[in-house]
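Dear colleague,

Please find below the structure that I am handing over to you. My findings follow directly after it.

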Amino acid sequence: ETCPAAKPVIVRTSWLPNGNLGECIRRPERFVIKLSDKLNETLAVETLLHEWSHALAWNFTLDALARNPHVDRETFEAEAHGEAWGCAYSRVWREFLNCP
């Protein structure tokens, strides 16, 4: 409630490949956050805060990179964890720490 994204966010648990803890996927009408179904509660919360920050920080640059078939995963991940994401991550953590 205190950190709404630009679009609705759906959170799901599921099997994720390669030991991924979570992922944030932008769909046309919403964000989908997937958390590994293998996480304990503490790690699930930390991963949710990380992925929620991606939903808050998503921007036109990431849209363009995501649509470009020539952009490799490393380049996309570096941009996805840039300054905008860092600010969003800080905000999400502050809100979480202030929860009753």
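In helix α2, the residues L62, D63 and L65 are buried, where buried means under 20% relative accessible area, exposed over 50% and partly exposed in between, with a 1.4 Å probe and protein chains only. Seen down the axis of α2, the buried residues fall within an arc of 165 degrees, so they line one face of the helix; the arc is that of the directions from the helix axis to the C-beta atoms. An α-helix has 3.6 residues a turn, so residues three or four places apart point the same way. On the other side of α2, F60 and R67 are exposed. The buried residues of α2 pack against β2 and α3 (73-80). Helices (H or I, at least four residues) and strands (E, at least two) are DSSP runs, numbered from the N terminus.

Before I continue, some remarks on the source are in order. This is a predicted model, in which local features need pLDDT of at least 70 and side-chain atom pairs count only at pLDDT 80 or more, whereas totals for chains, interfaces and linings use all residues. Residues are numbered from 1 along each chain as its sequence is written, and side-chain values use heavy atoms, with hydrogens and water left out.

As to confidence, pLDDT is the predictor's confidence in each residue, from 0 to 100. The protein averages a pLDDT of 94, and 100% of the residues score at least 70.

D63, which is found in helix α2, counts as buried because its relative accessible area is 11%. Leaving aside residues up to four places away in sequence, D63 touches R26 and W58; contact means heavy atoms within 4.5 Å. R26 in turn has F31 as its bridge partner in β3.

Three strands form an open sheet in the order β1-β3-β2, with mixed pairing; two strands pair if DSSP finds at least two bridges between them. β1 and β2 stand at the edges, each with a single partner strand, so one side of each is left without a neighbour in the sheet. From one strand to the next, the twist averages 20 degrees. Axes are lines fitted to C-alpha atoms, for helices over the stretch in contact, and angles run from 0 to 180 degrees between N-to-C directions. Helix α1 (residues 41-57) packs on the sheet and touches β1, β2 and β3, its direction making about 155 degrees with that of β3.

The two pairings are as follows. Strand β1 (residues 9-14) runs parallel to β3, and six bridges join them. In this pairing, V11 stands opposite I33, and T13 stands opposite L35. Strand β2 (residues 22-26) runs antiparallel to β3, with five bridges between them. Here G22 stands opposite L35 in β3. A hairpin of four residues joins β2 to β3. β3 itself is mostly covered, as five of its six residues are buried.

The loop between β1 and β2 contains N18. The phi of N18 is near 55 degrees, a positive value in a residue other than glycine. Most residues other than glycine have a negative phi, and most peptide bonds are trans. N18 counts as exposed because its relative accessibility is 77%.

Towards the end of this account, I turn to E95 and the cysteines. E95 has its place in helix α4 (residues 83-97) and, at 29% relative accessibility, counts as partly exposed. Not counting residues up to four places away in sequence, E95 touches T2 and C3. The C-alpha atoms of E95 and N40 are separated by 21 Å, the two residues being 55 apart along the chain.

How many disulfides does the structure hold? It holds zero, a disulfide being a pair of cysteine sulfur atoms within 2.5 Å. C87 is in no disulfide, and the nearest cysteine sulfur, that of C3, is 13 Å away. C99 is likewise in no disulfide, with the sulfur of C3 as the nearest cysteine sulfur at 8.6 Å. C99 counts as partly exposed, at 49% relative accessibility.

With kind regards
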